[in-house]
Amino acid sequence: MQWDIVIGLEIHVQLATKTKIFSGSSTAYGAEPNTQANAVDLAMPGTLPVPNEQAFRYAVMFGLAVNAEIERRSVFERKNYFYPDLPKGYQTTQLERPIVGPGYVDIDLANGETKRVRIHHAHLEEDAGKSLHEDFHGMTGIDLNRAGTPLIEVVTEPDMTNADEAVAFAKKLHGIVTSLGICDGDMSQGSMRFDVNISLKPKGSDTLGTRTETKNLNSFRFMEQAIAHEVERQMDILEDGGAIVQETRLYNGDRDESRSMRTKEEANDYRYFPCPDLLPVEIDDAFIDEAHNSLPELPDARKVRFKEQYGLNDYDAGLLAGDSQLAAFFEAAADRGKDAKLASNWVQGEFSARLNAEEKPVADSPISGEQLGDLVVRIADNTISSAGAKKVFEALWTGENDSVDAIIDAKGLKQVSDTGELEKMVDEVLASMPDQVAQYQQESDPKKQKKMLGGFMGPLMKASKGQGNPKLFNEILVKKLGG
Amino acid sequence: MTISRTDIEKVAVLARIRVDEEQVSALEKDLGNILDLVDQLSAADTDSVAPMAHPLDAVQRLRADEVTENNEREAFQAIAPATENGLYLVPRVIE
């Protein structure tokens with residue numbers, strides 16, 4: 001049987017405020033356990049929450065960036081459940097009147113088309129603490145530093161139909177919140193966490209199937225794997241004539257397996273009600289205008305600019321503009337390097353590959369965009385070959401030296417581009433390889449001839465100690481052999 | 001309005017309150033009375049009243065994003081039943 005896949009996402013975005021949503025405790029990451037958990041965060045009797053204005057400003061900025069209506073009067077509700085990392089016994093969140101109403105984000109698909117993913121709403125809420133399940137004499141350790149960190153939870157409509165679209169949306173959203181500066185985007189620290197709702201229905205059917213929710217995916221790769229895993233699991237059950245149970249599942253990326261998380265039906269009875277500790281929050285036009293005026297350039301606008309300003313194609317522009325840090329790095333490299341296409345290739349190639357291999361964000365790159373720009377200059381003016389450029393890149397990355405020109409000198413990577421000198425080498429090599437020269441000249445297929453040129457390059461590079469300009473060698477060879 | 005034994009048992013589980021068998025009958029009566037009161041309130045004509053989220057007709061004051069709290073872990077943990085390495089310890093929870 002053929003199935004349609006229906007995917008909706010819920011994304012928790014930690015806001016980059018200095019303090020918590022309802023208290024003046026710091027939200028800095030990595031502090032000693034419970035040193036940033038104070039009376040309000042611990043739910044001590046008699047404490048009252050006071051909302052953080054900056055969290056509202058960030059939520060409004062997000063709403064404006066995703067073309068959404070801003071709710072002028074938003075209300076907080078209590079979502080009741082018991083878990084030791086939630087000292088109050090309820091999470092303060094928004095249900096009936098979320099701050100951000102319906103909006104949308106357009107994503108680029110692999111086939112070059114654009115798809116609109118609708119956002120149902122986004123609401124403000126507080127994060128929970130962390131449970132450490134390592135064994136403390138048979139007990140669980142609780143760190144409440146994270147408790148009360150402001151989040152926006154973004155809820156999409158079930159508009160995505162495969163893992164690629166879901167990942168494209170997730171990356172787009174990541175680009176938007178990091179460009180806005182409302183989230184640091186560091187997924188390894190849990191700054192963005194994805195819940196994926198998946199259901200299957202017979203191809204073409206209008207009726208949605210029963211969905212499951214896979215929670216807390218903290219990387220794009222795990223998200224992709226978890227979707228593939230869950231689609232397969234549901235397909236197996238349905239094709240065996242079984243029924244999907246509506247449930248929350250946890251995915252283990254290291255083992256590529258998932259398990260049911262909550263089975264007790266009462267676990268989902270949250271008994272929401274308006275929080276009596278908090279009055280409705282009213283936001284006026286001036287507040288929204290101010291947020292609007294503070295909006296920085298967003299990925300869509302940046303993509304258009306990259307195409308115009310740097311002459312990049314749609315794909316390259318979209319990729320580089322999608323991430324604000326990568327975009328800034330590229331711009332620095334392109335402006336210094338004076339060759340945007342070459343800079344784009346290096347940023348997306350060697351540079352990104354190296355970051356991925358070391359699992360580093362752009363911010364932690366040991367080299368700057370300007371340094372890569374210097375390298376681009378030397379590739380573009382033929383001072384070094386692409387093989388030489390890789391050696392320079394390596395030396396920059398490992399911190400051997402921070403000057404491109406100094407590395408080129410120290411390693412003797414300067415290409416010989418003096419035509420007279422190169423011609424002399426070609427003459428010598430051709431004289432030493434008469435058989436191959438004859439073979440080349442007897443060959444009538446230009447394609448095969450082109451291949452045979454490679455046979456001369458090895459000896460030429462050897463003769464020039466690797467410093468001959470391969471492009472010039474090639475031109476001279478064709479000229480001399482062809483004549 | 002009446003409340004059933006199963007409702008009481010369910011609410012007790014949700015609230016993590018242990019209710020003994022012999023308490024249920026008394027609770028049935030007490031909670032039933034409370035629900036009767038709510039029924040009386042429901043009878044009031046509210047067609048012309050906008051739903052409200054809070055009894056006070058006021059707007060929430062917001063706070064500037066500035067750190068105002070210091071580390072008082074020691075004081076808070078002094079009253080905790082069990083701590084270790086700065087963590088609060090609780091009976092083991094399995095997700």
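Guide: A residue is called buried here if 20 or more other C-beta atoms lie within 10 Å of its own. By that count, 40% of the 483 residues of chain A are buried. The model is a predicted one.

Chain A holds 15 helices and 15 strands. Its radius of gyration is 29 Å, well over the 23 Å given by the globule rule for 483 residues, so chain A is more spread out than a compact globule. The C-alpha trace of chain A spans about 95 × 55 × 55 Å along its principal axes. Three domains divide chain A: domain 1 covers 3–290, domain 2 covers 297–411 and domain 3 covers 419–482. Between the C-alpha centres of domain 1 and domain 3 of chain A there are 62 Å. If one takes the contacts in chain A between residues at least 6 apart in sequence, 69% of them join residues at least 24 apart.

We turn now to the contact between the chains. Chain A contributes 43 residues to the contact and chain B contributes 35 residues. On the side of chain B that touches chain A, two or more residues come from each of α1 (5–14), α3 (73–77) and β2 (87–91) of chain B. The largest share of that side, five residues, belongs to β2(B). By residue type, the side of chain B that touches chain A consists of 17 nonpolar, six polar and twelve charged residues.

The strand β2(B) also takes part in a sheet that includes strands of both chains. This is an open sheet of four strands in the order β7(A)-β8(A)-β2(B)-β1(B), and the pairing is antiparallel. Its edge strands, each pairing on one side only, are β7 (130–136) of chain A and β1 (83–84) of chain B. Where the chains join within the sheet, strand β8 (residues 139–143) of chain A runs antiparallel to β2(B), and four bridges connect the two. One position can be found directly in the display: Met139(A) has Pro91(B), in β2(B), as its bridge partner. Within chain B, two bridges pair β1(B) with β2(B) in the antiparallel sense, and Thr83(B) stands opposite Tyr88(B) of β2(B).

Asp30(B) is located in helix α2 (residues 24–42) of chain B. A residue counts as exposed if 12 or fewer other C-beta atoms lie within 10 Å of its own; Asp30(B) has 12 and is therefore exposed. Between the C-alpha atoms of Asp30(B) and Ser4(B) there are 12 Å, although the two residues are 26 residues apart along the chain.

The surroundings in chain A include other strand pairings. The strands β1(A) and β10(A) run antiparallel and are joined by eleven bridges; Gly8(A) has Asn197(A), in β10(A), as its bridge partner. β10(A) is likewise antiparallel to strand β11 (residues 212–217) of chain A, with four bridges between them, and here Ile198(A) is partnered by Thr212(A) of β11(A). Elsewhere in chain A, three strands in the order β4-β3-β14 make an open sheet with antiparallel pairing. The edge strands of this sheet are β4 (90–93) and β14 (273–274) of chain A, each of which pairs on one side only. Two bridges link strand β3 (residues 77–80) of chain A to β14(A) in the antiparallel sense, with Arg78(A) opposite Phe273(A).

Finally, the nonpolar cores complete the setting. Of these, the largest has 58 residues, and those with the most contacts inside it are Ala59(A), Phe62(A), Ala166(A), Phe169(A) and Val196(A). Among the elements that give two or more residues to this core are β1 (3–14), α1 (53–65), α2 (163–180), β10 (192–202) and α3 (220–239) of chain A. Residues up to four places away in sequence aside, Ala166(A) touches Ile7(A), Leu9(A), Met160(A), Val196(A), Met223(A) and Ile227(A). Another core, of 33 residues, lies apart from the largest one and includes Leu326(A), Val392(A), Phe393(A) and Leu413(A).

Notes. Residues numbered from 1 in each chain as written. Chains lettered and ligands numbered in written order. Predicted model: local features only at pLDDT ≥ 70, side-chain atom pairs only at ≥ 80, totals over all residues. Contact = placed C-beta atoms within 7 Å. Nonpolar A, V, L, I, M, F, W, Y, C, P; charged D, E, K, R; others polar. Pairing = 2+ DSSP bridges. Core = buried A, V, L, I, M, F, W, Y, C linked by C-beta atoms within 7 Å. Domains from an automatic or database assignment. Rg over C-alpha atoms; globule rule 2.2 N^0.38 Å.
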